[in-house]
Amino acid sequence: MRSVFYVAAVLLLHFSLTATFCDGIRTIGGGDGSRFEFSEAPEYRNGVECPVSANKEAVSSCDQDLVHLAMTLDSEYLRGSIAAVHSVLRHASCPENVFFHFIAAEFDPASPRVLSKLVRSTFPSLNFKIYIFREDTVINLISSSIRQALENPLNYARNYLGDILDLCVDRVIYLDSDLVVVDNIHKLWNTTLTNSRVIGAPEYCHANFTKYFTDTFWSDPVISRVFHSRKPCYFNTGVMVMDLVRWREGNYRKKIENWMEIQRKRRIYDLGSLPPFLLVFAGNVEAIDHRWNQHGLGGDNVRGSCRLLHTGPVSLLHWSGKGKPWVRLDARNPCPVDHLWKPYDLYKGGLIKDQSSFSSSIFLGFSSYLL
């Protein structure tokens, strides 16, 4: 009986979030060389109450008046990324004041040019830029994980945002590609990072923090001492507000890499890119309301079983874990929460087969593609 009421509650939330949603969507063709088709999203425009940017005539990645979001973009998770962008625009109070920084893998089956065309065709008025992440920057630091998908080099791009993004970008919200935002992103952007903190994220201090590290880690009196001076809490790195000025000044990329080097030698954790962040930041994170990361909806990292919504208000739904909503929906075996993701899905079908090369200048070990 409880499951019946739960499904009813999910469908009610689904209706409340998507009523009067996406009238008049039309399909775009695949003439750009890709084999992907997405519907064109509605035009989301600013209201009269929105502040006018000083650079209204030429919006750029350096515009400090905009909300800056960073996301990865690849052929495997492209469908999720498009849905995430759609959800942000749908609920933003000032959608034209949002700028997306997309990080694409150097050797992805879809070239940066193809990804750019797909994004532009789907969101004609979107402010965005695509940067190329050189996978050889991190490939030799990645160790095996409990799930192969967690070993994808692009999962580690968040470690390098301070180097990849233009130096003029001093603050950004990082978002994973398997989530949807159902609230005004400007609220999250207005988070204040106090006491010189570098990142802000929802913390979960009642979680069993010890399980994210192996017995090898906890039995070593030297390396486990990293937590002695702070009270660490678990946080999910799929949603973070990041001060890139402090990040660069503190050389946090190198601090994370140092732990990855230890992991290669000692096997101190089993998950992918999350534990190094915990080792560096846990206990020194600006706590953000839990409503901004209802994570774990993809189930655990092995089985991907269905999960229930957490209690309390919801601003962001995150399908972290093995199960992804688009996979379960296509298989006609969705979990109840997957119906909350579906209204933001603009996918029409197809596969990317483009293998075209793209050359660009290299700066600080990364190449960037300016649109």
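Predicted model: local features only at pLDDT ≥ 70, side-chain atom pairs only at ≥ 80, totals over all residues.
Local features were required to have pLDDT of at least 70 and side-chain atom pairs pLDDT 80 or more, whereas totals for chains, interfaces and linings use all residues. Residues are numbered from 1 along each chain as its sequence is written, and side-chain values use heavy atoms, with hydrogens and water left out.

A pair of aromatic rings is described by the distance of the centres and the angle of the planes. Rings of Phe, Tyr and Trp (its six-membered ring) were paired if their centres lie within 6.5 Å; planes under 30 degrees apart count as stacked, over 60 as edge-to-face and the rest as tilted. This rule gives 22 aromatic pairs. For Phe209 and Phe213, the ring centres are 5.7 Å apart and the planes stand at 50°, so the pair is tilted. Both Phe209 and Phe213 are buried (under 20% relative accessible area, with a 1.4 Å probe and protein chains only). One aromatic cluster is formed by Phe209, Phe213, Phe217, Trp218, Phe227 and Trp259.

The rings of Trp326 and Trp341 also form a tilted pair, because their centres are 5.6 Å apart and their planes are at 45°. Trp326 belongs to helix α10 (residues 325–330) and Trp341 to the loop between α10 and β14 (347–349), so the pair ties together parts that are 15 residues apart in sequence. Helices (H or I, at least four residues) and strands (E, at least two) are DSSP runs, numbered from the N terminus. Trp326 is buried, with a relative accessible area of 7%, and Trp341 is buried, with a value of 0%.

Charges were assigned over a ring if NZ of Lys or CZ of Arg is within 6 Å of the ring centre and within 35 degrees of the ring normal. Arg171 is placed over the face of Trp189, at 5.1 Å from the ring centre, and Lys255 over the face of Tyr252, at 4.3 Å from the ring centre.

How values were computed:
Buried < 20%, exposed > 50% of the residue type's maximum accessible area, 1.4 Å probe, protein only.
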